[in-house]
Amino acid sequence: MRWIDPARVWYARHWLGVLLAPLGALYCALATLRRLGFRRGWLASTRLPAPVVVVGNLSVGGTGKTPAVIALARWLREQGWRPAILTRGYGRRADGVRRVAPGDAPEEVGDEPLLLARHAGCPVVVGADRVAAGRFALAHCDCDLLLTDDGLQHYRLARDIEIAVVDGRRGLGNRRCLPAGPLREPPRRLEAVDLVLHNGGTAPPGAGRMQLVPGAALALDGTGRARPLAVFRGQRVCAVAGIGNPDRFFAMLEAHGLVLDPRPYPDHHEFTAAEVAAWPAGPVLMTEKDAVKCARYGGGDHWYVPVAAEFDADSLAGLLTRLARVKRHG
């Protein structure tokens, strides 16, 4: 049987999604029961002596969560808070808990933690155990708030505010749980979070809106060269994306008038020198997440495109009130 791209099953009408629906329903039921266990105290959660803001998603794959965490960390600092970011560091080879430095190797800390450390302007602590990471941050970093990256389903760390990021273009797909659909928890889980941020598309009433805004392409060789995306119009560009939703990156480039030779890779893909050498000789554009792993192999015509999350004016209005309430009762 020919391999079927999960995206075709999850985000389109496909017979396999219907066939797997009973397994998806079982997954949803177990996820709901697990959450109930933590809420009722049947499973132990730990509350740390600082407000905890969780940023996550229901869907497998990219929703723009990491840029959202960076923008939220900067916004919190502007409001007078001193956040530290807790992140798992998916795919890292090292174990334990540590603070991430901007110059760390991606294989030691993970690609997303490196982006966070380079752009969020606050301490970043990596570790699979979020409770241990939080304790480390409070003990060793100058922080008074913990901001967790991709922690919505990590209930062992008690949280005060939950933020879910939803891909505004793809939504929740067929609204089924794994493996029949892309969801880790049932759709009604969004009703319980404090804020739903829709990345692009049309947000429903009451939801927040965000968008990813690309900057100028930056040279992968570290020389500091920058080129507006408009410079690449009129020539065929190889576009590389090893993220949860490569099509979003490709669509963004095409919206700026670029003609692409798209090269999607799995999320968190570890690029090799041979793969990079096999790319065409012309311009190659990639995501910044991929750039942290390709920098050692990159050539003079390899570029990455940084993106920044921007929120509409009203999306974060209620968070300060909630944080003030948490601080007052803490």
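1. At 13% relative accessibility, H198 counts as buried, where buried means under 20% relative accessible area, exposed over 50% and partly exposed in between, with a 1.4 Å probe and protein chains only. H198 is found in strand β7, residues 195–199; strands are DSSP runs of E with at least two residues, helices are runs of H or I with at least four, and both are numbered from the N terminus.

2. This is a predicted model, in which local features need pLDDT of at least 70 and side-chain atom pairs count only at pLDDT 80 or more, while totals for chains, interfaces and linings use all residues. Residues are numbered from 1 along each chain as its sequence is written, and side-chain values use heavy atoms, with hydrogens and water left out.

3. Leaving aside neighbours within four places in sequence, H198 is in contact (heavy atoms within 4.5 Å) with residues including V166, G168, A203 and P204.

4. The UniProt record, in an unreviewed entry, lists S59, V60, G61, G62, T63, G64, K65 and T66 under "binding site"; such annotations may be inferred rather than shown by experiment, and the positions are given in the numbering used here, with feature names shortened.

5. S59 lies in the loop between β1 (52–56) and α4 (65–78), and it counts as buried because its relative accessibility is 5%. V60 is placed in the loop between β1 and α4, but at 30% relative accessibility V60 counts as partly exposed.

6. With neighbours within four places in sequence left aside, the contacts of S59 include Y11, P182 and R184, and those of V60 include Y11, P182 and R184.
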